[in-house]
Amino acid sequence: MTVSDGMLEQALIRLADLMADCRDPWCVFGGAAMRLHGYRDMPIADIDVLVSPADGERLIASKALENVADGGTGRFCSRILLHPDLGALPVEILAGFEIFTDGSWQEVRVGDRIEMKFGAATVFIADIDDIARIFRLSGRPKDLARLTLLEKPAGD
């Protein structure tokens with residue numbers, strides 16, 4: 001599925017509304033965050049969102065969302081994994097997200113987030129350095145390919 005800017009904007013508007021109950025910092029990361037940083041040719045399949053475990057529990061309670069975390073894979077695990085229905089573009093909300101690398105589990109954290117307007121939507125996104133660090137930790141071929149794109153200025 002090709003994600004248009006309009007589809008992304010509508011999903012982000014709904015996401016911002018959903019996240020209104022959150023008390024801790026949250027942010028979009030991954031490919032969607034790259035697209036919001038100006039990498040317009042970045043194909044995205046979903047919107048990945050990182051929240052605190054407390055906010056994950058708040059979303060479960062206030063929005064009647066089901067935690068579908070299943071123990072993860074050998075590489076990724078999350079204490080809370082939510083799939084809210086926000087329209088055509090899937091959204092994954094993760095809390096307690098960890099990546100197994102270099103022989104141990106590393107908690108995924110975002111140090112700096114940026115408030116970003118995208119059309120009528122206002123959301124928070126991870127900064128480029130945090131996105132690159134997460135891609136490096138993930139180590140999958142698609143993440144490493146995205147990492148090479150980050151070495152070029154957005155729009156090139």
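The sulfur of Cys22 lies 11 Å from the closest cysteine sulfur, that of Cys27, which is too far for a bond. The sulfur of Cys77 likewise has its closest cysteine sulfur in Cys27, at 18 Å, again too far for a bond. The structure holds zero disulfides, a disulfide being a pair of cysteine sulfur atoms within 2.5 Å. Cys22 is buried at 16% relative accessibility, and Cys77 is buried at 17%; buried means under 20% relative accessible area, exposed over 50%, and partly exposed in between, with a 1.4 Å probe and protein chains only.

The model is predicted, so local features need pLDDT of at least 70 and side-chain atom pairs count only at pLDDT 80 or more, whereas totals for chains, interfaces and linings use all residues. Residues are numbered from 1 along each chain as its sequence is written, and side-chain values use heavy atoms, with hydrogens and water left out.

Charged contacts come next. Six salt bridges are found in the whole structure, each a side-chain nitrogen of Lys or Arg within 4 Å of a carboxyl oxygen of Asp or Glu. One of them joins Lys63 to Asp21, with the closest N and O atoms 3.5 Å apart. This pair links distant parts of the chain, 42 residues apart: Lys63 belongs to helix 3 (residues 53-63), and Asp21 to the loop between helix 1 (5-18) and strand 1 (27-29). Helices (H or I, at least four residues) and strands (E, at least two) are DSSP runs, numbered from the N terminus. Lys63 is partly exposed at 32% relative accessibility, and Asp21 is partly exposed at 32%.

Helix 3 also contains both Arg58 and Asp55, three residues apart, about one turn of the helix. Their side chains form a salt bridge at 2.4 Å, N to O. Asp55 is buried, at 0% relative accessible area, whereas Arg58 is partly exposed at 22%.

The largest pocket holds about 500 Å³ of space. Of its 26 lining residues, the closest to its centre are Asp48, Glu92, Leu94, Phe97 and Arg140. On a 1 Å grid over the protein atoms alone, a pocket is an open set of points where a 1.4 Å probe fits, with protein on both sides within 12 Å along at least five of seven lines; lining residues have an atom within 4 Å of a point. Grid points are joined across faces, edges and corners, and a volume is the space filled by probe spheres set on the points. Strand 3 gives the most to this lining of the largest pocket, with four residues.
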